[in-house]
Amino acid sequence: MAKMIKLVSGDGAEFEVEEEVAFQSKIIKDIVADADDVIPLPTVSSKVLIQVIEYCRKHAAVNSFPLSPSSSAAAAASSSSSISYSKPVSDPALRAWDNEFVKLNNSSLFDIVIAANYLDIEELVDLVLETVADRIKGKQAQEIRRQFNIENDFTPEEEEALRRENSWAFQNN
Amino acid sequence: MEEAFTISITTAGAGTGAGAGASSSSSASSSASLITVVNMDPRIWRHLPQGMVDRVLAFLPPDAFFRARAVCKRWYSLVFSDSFLELHLRLAPALPCFVFFLLPSTTASSSAPSDASSPAIAAASSSSSRPPPPPALLLDPVADSWHRIPLDAVIPPGFSPAASSHGVLCFISDDAGSKTLLLCNLLSKLAAHLPPSPTPRLFPTVGLAVGPSSICTVLAGDDMISPFAVKNLTAECFHADGVTGFYSPWATGSALPRLCSFEPGRMAYAASAGRFYGMSCGPFGVLSYDVASNAWEKIQPPMRRFLRSPSIAECGGGRVVLVAAVEKSKLSVPRSVRVWSLQPCGRAWSELDRMPHDVHSRFCDAEAGRGFECVGHGDFLVITMRASHDVLLFHVRRKEWRWAPPCPFLQGPGGVIGTLRGFAYVPRLATPCMALLDSSSFMPPVGFDG
């Protein structure tokens, strides 16, 4: 019988999860190391916790190690002295599952990325932020400012100089 | 899927029903909105912490990133922040692209004949015209998009594109003699030069392989044994490794195999084998340089006597391919253009594919026997033809041939038709290997005083 960890959401619901699933979160892994099997997560609601657990469950089944693959790949790359820019190839089936997973409304996505950041699940944070990047990549600067509520502190002359400096990026194909 | 995952709700809670009955299917919470929402909601995303906003920027493809720099001054200056560049290096997708330079047709063949003397040598050395470098034409074969990146502010006149590796382009000085190589990052517009190579050469062939903290360059052939004579005798290597501290500026020399020449003057690098590969002609052979043992060897190509215009390329996964036209004049074998893959033994070849009939006939019309060359990157092989602006793509795994969209920056009435020389390129904001070069070797922007 796999060792179970109990997670308690902000609204008091309890979720029992296998250890290897819960350990996708580095925070939980550290807490459990101090021999504490019931972990309160006051800032995470049940709704979000269910989605996060689902993600962790899927990725725990794929990964052999509790550390997120992105961190072990980065560690390998920085310690290697050979000429190496090669990254590990991602499993296309997992990638397709991830793409389905993030087909959520803005509110859910935001809650998930905040919770994943709090729980230190780097892969899930990156998955959501990559999705956000995908959504803004075609947008003009003014639209992006609106989305993130950023003030334009360039003068019109500065903005024009900037466009000229990197005119290749503003070409229409 | 559900058997190992149990939910036990012990309190009545707010009765949201979020847990009960949710079959933990990923679309359960969004079943009402299966369509991907493209519009973001500023009321929500304005609260994204700054650190996460930076990570979003690190995921943007290069053209979107440079457009995003126009949003505000903080975003503009991220490019100068080491911590952001480190993030970008880790997160940004490595897009397998190509960069092309339009070379005048007459000088497309960059290697002088390998016999004793040539009147071309004297002419080249005394040439006083120093054209500025042509702009880099960036092709993304997946998005089928072209971008034009001018280089006249980065590379001084008198240099030509010679090699590439990941996000770094290498230019070589045109003047005969001791050669200066420039390493350049197209996006950050940084360029730095290597110390000059000791052996005087005319138009040597350059191979480049960089890593996050390493540079390896091979300069081969065209040794000037006298001011008027050129022979392919030696190669020399420049090594720098930031992790081990190894630094060898052109101290590693090697002898080339007898009777070889580099045509076209290109070398491809296979990281898995730690070897550079190039094509030799008269008779055709494949030259391979093993970096670790500093040794050259010759590999016999397939159908050696029937090849025309062969070139060597490297595709994803370290696969080395040879692309050539096959023409058996005496037999009634129809002409074809074939792709062979080098086998793991490093000596034998197996045919990967050949151009289908319709592609081949359009290719023959465009190429008209003038010659063509090939470069590879990731899943793609690209073929360009002498005195033509057409670009042919071959997807190695899917075995699909298709023509790239015409480059919008080459259309022009009455323009001279040149030859497109392509290089494998990964758009990268940060190329940390360039930090291995002394800070004094960085080039000031061209055109500015001091």
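## A walk through chains A and B

Start by selecting B:R362 and B:W403: B:R362 lies over the face of B:W403, at 4.2 Å from the ring centre. For a charge to sit over a ring here, NZ of Lys or CZ of Arg has to be within 6 Å of the ring centre and within 35 degrees of the ring normal. Now pick B:R266 and B:F423, where the charged end of B:R266 sits over the ring of B:F423, 4.6 Å from its centre.

Before moving on, a word about what is on screen. This is a predicted model, in which local features need pLDDT of at least 70 and side-chain atom pairs count only at pLDDT 80 or more, while totals for chains, interfaces and linings use all residues. Residues are numbered from 1 along each chain as its sequence is written, chains are lettered from A and ligands numbered from 1 in the order in which they are written, and side-chain values use heavy atoms, with hydrogens and water left out.

**Chain A**

Colour chain A by secondary structure and you'll find nine helices and three strands (DSSP runs numbered from the N terminus: H or I of at least four residues for helices, E of at least two for strands). Going along the sequence, the pattern reads β-β-α-α-β-α-α-α-α-α-α-α. Of its 173 residues, 43% count as buried, a label for under 20% relative accessible area; exposed is over 50%, and partly exposed is in between (1.4 Å probe, protein chains only).

Next, zoom in on helix α5 (residues 92–101) of chain A, where A:W97 and A:F101 are four residues apart and so separated by about one helical turn. Both A:W97 and A:F101 are buried. Rings of Phe, Tyr and Trp (its six-membered ring) pair if their centres lie within 6.5 Å; planes under 30 degrees apart are stacked, over 60 edge-to-face, and the rest tilted. That rule gives 21 aromatic pairs over all chains. The A:W97 and A:F101 rings have centres 5.3 Å apart and planes at 15 degrees, so this pair is stacked.

**Where A meets B**

Select A:W168, B:F65, B:F66 and B:F84, which ring pairs link into a cluster. Is B:I149 buried or exposed? B:I149 is buried, because its relative accessible area is 0%. Leaving aside residues up to four places away in sequence, the residues B:I149 touches include A:W168, B:P135 and B:L186 (contact means heavy atoms within 4.5 Å).

Now show residues 42–88 of chain B, which the UniProt annotation "domain: F-box" (unreviewed entry) covers. UniProt positions follow the numbering used here, feature names are shortened, and annotations may be inferred rather than shown by experiment. The span is 68% helix and 0% strand, and its end C-alpha atoms lie 25 Å apart.

Pick out helix α2 (residues 50–58) of chain B, where seven of the nine residues are buried, among them B:M52, B:D54 and B:R55. What do the buried residues of α2(B) pack against? In chain A, their partners are α6 (106–118), α7 (122–136) and α8 (141–148); in chain B, they are α3 (62–68), α4 (73–77) and α5 (82–91).

**Chain B as a whole**

Zoom out to finish: chain B has seven helices and 27 strands, and 52% of its 450 residues count as buried.
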